[in-house]
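Please consult the sequence and the structure shown below while reading.

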Amino acid sequence: MLKLPSIFSSGALFQQNTTLTLPGHTDAGTFVKAELRDDSGHMYSCAHADASADGTFSLPLRCPPASLHSWTITVTAGEDIAILHDILFGEIWLASGQSNMELSGGTQPDADTFYSSLGNRQIRVYHVYNVEGDSSGLFPYEPSDAAEGRWFSVTDRESFNYVSAAGIAFSRDIHQWLKASGDEIPVGFVNASWGGTGIRSWIPRTAMDRAGALLPRLQELGLYPDAEKWNSFGHNNAQQPTCQYNWKIHGLVGLKFRGILWYQGEYECWDEPHWRIYKDCLYLFYDTYRELFAADSHFPMFCVLLYPFPVTEGDCYLGYVNQNFIDAAAERPEAFHVVPINDLPPVWNFTDNHPIHPTHKFEVGRRLARMAEAVVYGKHGQKNPAVLDGYQVCDNRILLHFSVPGQAGLPDESSGIRIGDEIQPYSTGRKKPIGLYICGASGTYVPAECEIISPDTIALSHPGIARPVHAAYGYNSMETGCNLWAGDFPVAFFRTDSKKWDSANADGLITIECKPWCDPTRMRIWTDDSRAGCPQMFDTFYRPVWKPCAGCEVVHDNAFTLDNGSIRIALSATEYTPAVSSSVIGAYVEAHPYNRLDLQKYTSLHLRMMNSDHAQLSVILTYREQDGVQPVRTITAEKSKDLHHSWAEYTVSLDGIPEGEILRMEFRAAVQNTYYQFVNLEGFTLMPR
């Protein structure tokens, strides 16, 4: 009986100007023939062979150049016949990874508008179905071509709702660019992705066996398939080493792809040994897929950098996973390209979610397409984001030099370093950088002040660091809105710390604690309640940065500010009466995992306060209870300098505060002899030890 893998079916799109190897099964020894004919019946290519002893066969068909003409493939095996109608040849990509690649068009807030923009474009998608039972289903231990799937056109709205949004947006923009360049040709992708899967699940065992020094490391970490334990992991069956290759990829063998779109790595953020070998696994993955699927000698792999990914209160190695991608693009620029997305605002369109899934997949697809147009299709543009090219310490500043895009390799105003402006909706003053940190000899990283020196150089400083040692960008797992740009893309994440880390080196880690309360423009924060025993591990959502004390209110204020805005603390409307000339008002910030109040690392806190002529400021620290006692420490803020319009600078000494976990920091103001029962706070600056 003649049987072809599911992807070899009517309505398919195959890569132009390549050889399509048609595999299948029939009775042993049967003569098998395949013919490719155009819509007028003219035969373009053919192949034939006798089926092997196990009934398998493989027939190579020469593929024509891309066009909108429909083709037919006829396969005969004895008396059996299979006819594949409506075959197109054009540009096809492999889109793979975990849930962010899997996230579908129907989840996007602008799905209707985007779908209407597709029109009747010749875009085709093949979606590989999951095993029966999904993540707890039974996966084949050996590579299999039994996976089902189907081809569809983008005119099918129901299917559009359930397939990769990033892949659809990528295909639309590639089709649009090719058409604008005079090439009206079909474009599409194969969607082979599965949420929560590590890179090891997408690598075949045969590749692992020839991985050299990586193989014993995979075996040591349990990342090599174990036949005795196979399919014994319940809902984690989908994460078994090699299982995704065995099910979703092996059935694609015989196709050729223009390249790979890869959106994966969140799984490796869980565990340090996994990210330490990620680059080696990435190289093994690429080399294997290049051998199997490359349409020609140029086979690019476009990797989306990971969005901030808090999971629990433990360490999250997001920055190091991202660094693997960036290093791969630097070491093998002919193969790897990276697409940053951390500037995108954290917006979601569904409830079963956590910040690992930003609902911006159409924009991710657009960026993938923009880079692919430059790398593959001849459009002038960037082939990678700007990357750190070197640094030097000059007195109290650290100068960072970047390789940035520009005419004839020279940076210009349009392509040089800049601070993005689309992610600070409350700001009225100067643009402020997000995600840039520096440290001194103590190794405590603090938010940096940034000055753009030239199109390819910036200077970072901090008033509490006399001589910087290192800088980092985008390494904080809770940081969204990273806004350092150059040309068409955000700057790639970096750190200047030169300590290397690999599978054998336990050094080279850095720690950056986000301090959102230091920036009055940030009124909300990701928090993780898992520490409090919350049954939902991923209860990681927005909550207020600042909370009012009883009888008070707190709000961001653009009216009274010397900078980009301030925090206004006042008596609530129900409590305020003009007859009252004195009151105590306050607001506080709480500690959360990834946003700890680790004030013992700092010598002092500096800030500015308005209404200083009539208010006395103090800071109250509340510690975690021990032996039935919850310690509290009160520190009086000392006025260090009068400014203008009732503003003054204050210093809060942090010397001598006891060790222990600080749960809450309250700013309390005693306001006297004025009808204005409020204060405004801004300019928060921590001075590291």
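How closely do the axes of helix H2 and helix H4 come, and at roughly what angle do they cross? In this predicted model, the axes of H2 (residues 111-118) and H4 (residues 165-180) come within 11 Å and cross at roughly 35°. The second topic is Asn130, which lies in the loop between strands E8 and E9.

**Helix H2 and helix H4**

- The crossing in which H2 passes H4 is left-handed.
- On the H2 side, the contact is made by Phe114, Ser117 and Leu118.
- On the H4 side, Ile168, Ala169 and Arg172 make the contact.

**Position and exposure of Asn130**

- The loop that holds Asn130 runs between strand E8 (123-128) and strand E9 (149-153).
- Asn130 counts as partly exposed because its relative accessibility is 26%, and partly exposed denotes the range between under 20% (buried) and over 50% (exposed).

**Contacts of Asn130**

- Apart from neighbours within four places in sequence, Asn130 is in contact with Glu102, Ser193, Trp194, Trp247 and Lys248.
- Ser193 is 63 residues from Asn130 along the chain, and the C-alpha atoms of the two are separated by 9.1 Å.
- With the side chain of Lys248, the side chain of Asn130 makes a polar contact at 2.8 Å.
- A polar contact also joins the side chains of Asn130 and Asp134, at 3.3 Å.

Note on methods. Residues numbered from 1 in each chain as written. Predicted model: local features only at pLDDT ≥ 70, side-chain atom pairs only at ≥ 80, totals over all residues. Heavy atoms only, no water. Helix = DSSP H or I, 4+ residues; strand = E, 2+ residues; numbered from the N terminus. Buried < 20%, exposed > 50% of the residue type's maximum accessible area, 1.4 Å probe, protein only. Contact = heavy atoms within 4.5 Å. Polar contact = N/O pair within 3.5 Å; in protein donor to acceptor, adjacent residues only side chain to side chain. Axes fitted to C-alpha atoms, helices over the stretch in contact; angles between N-to-C directions. Left-handed = near helix turned anticlockwise from the far one by under 90°.
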